[in-house]
Amino acid sequence: MADQSEETTEEEEMARQSQEPEQRSMAVVESIQPSLETRDLVRAENTQMLQAENQLGQGACLMANQSLAVPRIEGSGNLAVGNPTNCTFNILQLKPGATENILPALEKLTATLQQKRALDSAVKPTGSGQECTPPDIQKLDNFPQAAASGTSIQPKTSDDVQESVQGAHSTKDPAQVAAKSCRKAIRTHYRKTGSYVKLIPWEDDDTKHIKDIFTELTLEKSGKKLESYKDIFLQKTRDGDCINQAVLSGLAGRGKSTLIDKMAYDWACGEALQQFELVFVIRMSAVEQSTELIDSIFDQLLSGVTSVDKNSLSSFISHNQEKVLFLFDGFDELKTRALDKALFGSILKILNRKKDRECFVVVTTRPSHYDKLVTRSSIQEPFTQVKVEGFDEEDIKKYVKRFYSDEHDKAEGLIRRIKSSNALSDLAKSPMLLLLMCILWREDSKLPETMSRIYSEALEYIFHRKTDLSSDEVSKVTNELGKIALLGLLAPEQQLAFPEQVFEPNVLESAIKAGILTRHKVLKGMKSHNSIQFLHKTFQECCAGKYLQSLLETDPVDFQKNLDKMINSRINDFDYVLRFCAGDNLTCTNSILQTLAKEQGDVQIGLDCYFEGQSKDLLPVKFLKYVLTDQIGINCWNRDTLNSFTYLLRNVDTCTVENKQTDYLEKVQSVRIYGCNLSGCMSDLVDSMSLMTNLSSVVLSRCTLNERTEEYSALPGAASSAASWAHHFMKMKNLQKLVLSGCSLTGEDMTHIVSALCDLPNLVELDLSRNKSLGGSTALWAHHFMKMKNLQKLVLSGCSLTGEDMTHIASALCDLPNLVELDLSRNKSLGGSTALWAHHFMKMKNLQKLVLSGCSLTGEDMTHIVSALCDLPNLVELDFSENGYLSGSAASWAHHFKKMKNLKKLVLRDCSLTGEDMTHIASALCDLPNLVELDLSGNKSLGGSTALWAHHFMKMKNLQKLVLSGCSLTGEDMTHIASALCDLPNLVELDLSGNKSLGGSTALWAHHFMKMKNLQKLVLSGCSLTGEDMTHIVSALCDLPNLVELDFSENGYLSGSAASWAHHFKKMKNLKKLVLRDCSLTGEDMTHIASALCDLPNLVELDLSGNKSLGGSTALWAHHFMKMKNLQKLVLSGCSLTGEDMTHIAPALCDLPNLVELNLWANKSLGGSAALWAHHLKKMKNLKRLVLAYCSLIGEDMTHIAPALCDLPNLVELNLMMNESLGGSAASWAHHFKKMKNLQKFDF
């Protein structure tokens, strides 16, 4: 029986082995939970298996395909699972016939996995986007002893498993053998030799590993940024088919070649693109149009590899096209220039899909050759077009840090240097030029000082990358390019694209090969031609500047002619050209500066040119005086200009000391800097300003002063605070005022700043407002205030101060003998804490003004504050506005006001005061002999309560100004207020604006105005007044002898009513200003108003803006303007005026001898009409300010307006903003600005 059994077993074994050996199906299992009855047959030691997405990316599928039969697995052995790094399978020896016991469990598992696969497919598409067919399971009998004994066999990585599978089933297919050997060889090449980037093109031994330097580029498809290059391989057609060709287009140096190398490296390391069996990088610079693919593969990748047969490899590629990726780098460098489709070899045939059309292809090119690539004979749709845009700001940081991965301080130093210059920041967007900066920085952590030197290095680098031109030859090519570049920039519309024929052929070819020029195909109608552009506009400007510099020697007359043209027309378009021209050339620099001073040109451009010249000599005296005035204003200057300014100050000082020349720095008294990023240059700037011996005022507002990055702060010795610059203030012995407002100062900053200031003998004003990070830090620095004995004014508003902060500040200030003003406004956390610090106010005997607005003060807080202040003998002004929690609390603190005998001004705006509060406040204030101004505006709960407290106003005999705007006052309220005020002998200003309930009630109270004989200004805007109201008011006011200003704006119900009240204006002989803005006035209204105003001898300002119904009616009333001989300012903005309206207005105004300002803002119908009226502007000889913004003006309008204005001797400001149609038209009218010698501000 034993023999029979052995014979049966042997027969069954033979039968099993006789089954088709290549029957293949692969089980990819994500989770195994074997049932109890099958646990003795299958044991899973790790339940987490390969992710379905990874397997599908390699062409594998889950076993749970529909209609997939589970094969029998018998015998001992190891089951190969693709990339099962965390999974072990043990296949045990099964008794004959026992396989049926395991099948139900596996079939159950199959159903579960099938459901999961369906769910995963619905959530996320597969990497390849194509339907996959499962390979058969491979049965390996390599380890029978281990399997039989139950020993676990740990599978290897995916690459090793793939090779072990092939080893276990060794095939004699030559194509498979060639592919295996090729894959091994090129992976080794990509991981080793091919993974190093050459830093300097002409130095073979200066390299870096791609992993140490590669930074993700900005890739865009159809204007949208791709997450990574892997997205290129996921694109599909409209019908859902995979797109297997991609064109990567980018300017020279944008990182295309490095990206190709990174793709290959990632594939070789198993990190990406694992759906491909073979990935070939082919450099097109070594390819001609007839080159065969297989030859290039062996020439470039498999040179010296004897284990790969050409024919066999070619066969594998043809029969496994979907598993092959070609990366063709640099189509623009293809050796063959004129392509002939008949001569195409297999490489170009793959591109045009005439061969191996299922292969995946990525090809890179510069834009100059894009149109040559995308043609009928080359790549055609469908393909994915991707733009390689280079680096953004974050990419630049990452790249530099990777380049200097072991030198953190060097990396941060270079990043700061790049950020310190606008020119460097722009250059660094190009990976090629950023690499150049990294190389230059490597030696001694320095870059060339000037932009012209940096670009010279860049030009040298660019030409050496792709050409073998010598430095002299590069200079000659650059000069030839510069001639054309300058002509283009001087053209009326600034030409940035050129036809090929304007260049010398050899120059063109060299420049395109190097990448300094790019070629684009342009279609015009049915014809096309090639257009040539510079790599970047700055390179065109660089070449133009170098050529202009050469002209000074070869043709000085032409040089000056071009210089005058640039400076006198649109100088801001030529700032870079002038800087490049000045580069390291004293003669050019002085010529530029003299011309700028003569024409009073842009100071910033002059400073930048002086810096580029790198001269140690003084500027021409005329320009020096033009720059160094007694008051210097610096608004939003970029880093380059700030560095240039610092350079100038130091040179002036050096020349003064060494050469005993005039000290031009002596006359500077004030420097104001607004909106500048000073991080990185603050120390040099403050040090340079300290050389101004008479500097008394320094204002830095909304400036960034320090480098705040975590990386920078972590550097050894890094001065991320004011430590690097604050000590320079100690040298400013005459400094009286220092403002550091909105500069993001920290407590650490303040320890350095205040300690540096505390001994300055003349410092009287210090403004540290809007530095929100100071809260909680005053214990570190407030004590330094004790030494500032001459300090008179301290502003700490909006600094997030807390009660604890104030204990330190108040105690430090209380003994300062000269402190007269303290502003603590908008420190919201002070509320509820005054018990800790308010008592220190008692000692501030000279305090005159205290501001605590917006501090969230409560009634209890006010009790502590006002009680501490009430005996201060010099206190004249208090501001508690915007403390809304004071509502209902005045009974506990208002009585302290009685003691403030010298108080002149009290502001309680927006404090949510009630009528009861006002009874306490008004009764306390009524006997103050010096109170002249009281502001109660925005207390909306006062409406309806004035009967309780208004009578106290009668006693305020010295009151000059009362503000009750936005208090919800009613007509009844006004009867009490007006009757109480009418006899005040000193009341000159009354503001009742924003009390909308006053409309319709003036009959009750307006007559009281008759008695206000000293009233000078009355504001009743936004009070819903009607025509009848105006009749009562204006008739009551018309005889007031001192009334000079009336504001009735935003009373929309006045429309059509002026006939009943306007005539009263005739009697207001002293009226100087009338505001009727947004009153819905009609043309008929204006007829009455204008006729009433025309004879007023003192009227200097009239505001009629926002009355939209005035358009089309000016013929009725504009002629009255002729009589307003003293009118200085007229505002007609937003009145829907037309060109015809202006034909009436302009001639009526043109002879007014005192008109200095005309505002026509937002009259959109004026566009296209200037020919009718602009000539009248010529006669407005005293006009200083003209506003024509948002008037829909076109170029033709400006051809009439500009020549009319150019001879106005007093015009200092012209506003043409928001006239979008003027774009592109300046060539026809801008030249007239040359004659506007006194123009100071031009908004365009």
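**Reading a predicted model: burial, contacts and backbone**

Trainee: Why is Asn1219 called buried?

Mentor: Asn1219 has a relative accessible area of 5%. The cut-off for buried is under 20%, so Asn1219 qualifies. Keep in mind that this is a predicted model.

Trainee: Where is Asn1219, and what is it in contact with?

Mentor: Asn1219 sits in the loop between strand 37 (1213-1215) and strand 38 (1241-1243). Leaving aside neighbours within four places in sequence, Asn1219 is in contact with Leu1188, Ala1189, Tyr1190, Cys1191, Ser1192 and Leu1193. Contact here requires heavy atoms within 4.5 Å.

Trainee: What makes Arg353 buried or exposed?

Mentor: Its relative accessible area is 15%. That value is under 20%, so Arg353 is buried. Arg353 lies in the loop between helix 11 (346-351) and strand 12 (360-365).

Trainee: What is the phi of Arg353?

Mentor: Arg353 has a positive phi of about 65 degrees, although it is not a glycine. Most residues other than glycine have a negative phi.

Trainee: Ser1080 also has a positive phi and is not a glycine. Why is Ser1080 called partly exposed?

Mentor: Its relative accessibility is 33%. Buried needs under 20% and exposed needs over 50%, so Ser1080 falls in between and counts as partly exposed. The phi of Ser1080 is about 55 degrees. Its place is in the loop between strand 32 (1073-1075) and helix 35 (1083-1093).

Trainee: How do you know that the span of helix 8 (residues 256-268) is close to the expected one?

Mentor: Helix 8 has 13 residues and reaches 19 Å from its first C-alpha to its last. Just after helix 8, Gly270 takes a positive phi of about 75 degrees.

Trainee: What makes helix 8 mostly covered?

Mentor: Of its 13 residues, 11 are buried. Among them are Leu259, Ile260, Met263, Tyr265 and Trp267, and also the charged Lys256, Asp261, Lys262 and Asp266.

Trainee: How do you know how helix 13 (residues 393-403) and helix 14 (residues 408-419) cross?

Mentor: Their axes come within 9 Å and cross at roughly 150 degrees. The crossing is right-handed. Helix 13 makes the contact through Glu393, Ile396, Lys397, Val400 and Lys401. Helix 14 contributes residues including Ala411, Glu412, Leu414 and Ile418. The residues of this contact divide into six nonpolar, no polar and five charged.

Trainee: Which residues touch the most other members of the largest nonpolar core?

Mentor: Phe841, Phe880 and Phe1048 do, in a core of 302 residues. Helix 16 (residues 431-444) gives the most to this core, with nine residues. Leaving aside neighbours within four places in sequence, Phe841 is in contact with Leu822, Leu824, Leu850, Ile865, Ala868, Leu869 and Leu872. Another core, of 64 residues, lies apart from it, and includes Val324, Phe360, Leu373 and Phe383.

Trainee: How many residues of the protein chain are there, and what share is buried?

Mentor: There are 1244 residues, and buried ones make up 52%. The chain has 38 helices and 38 strands.

Technical notes. Residues numbered from 1 in each chain as written. Predicted model: local features only at pLDDT ≥ 70, side-chain atom pairs only at ≥ 80, totals over all residues. Heavy atoms only, no water. Axes fitted to C-alpha atoms, helices over the stretch in contact; angles between N-to-C directions. Helix = DSSP H or I, 4+ residues; strand = E, 2+ residues; numbered from the N terminus. Left-handed = near helix turned anticlockwise from the far one by under 90°. Expected span 1.5 Å × (residues − 1). Buried < 20%, exposed > 50% of the residue type's maximum accessible area, 1.4 Å probe, protein only. Core = buried A, V, L, I, M, F, W, Y, C linked by side-chain atoms within 4.5 Å.
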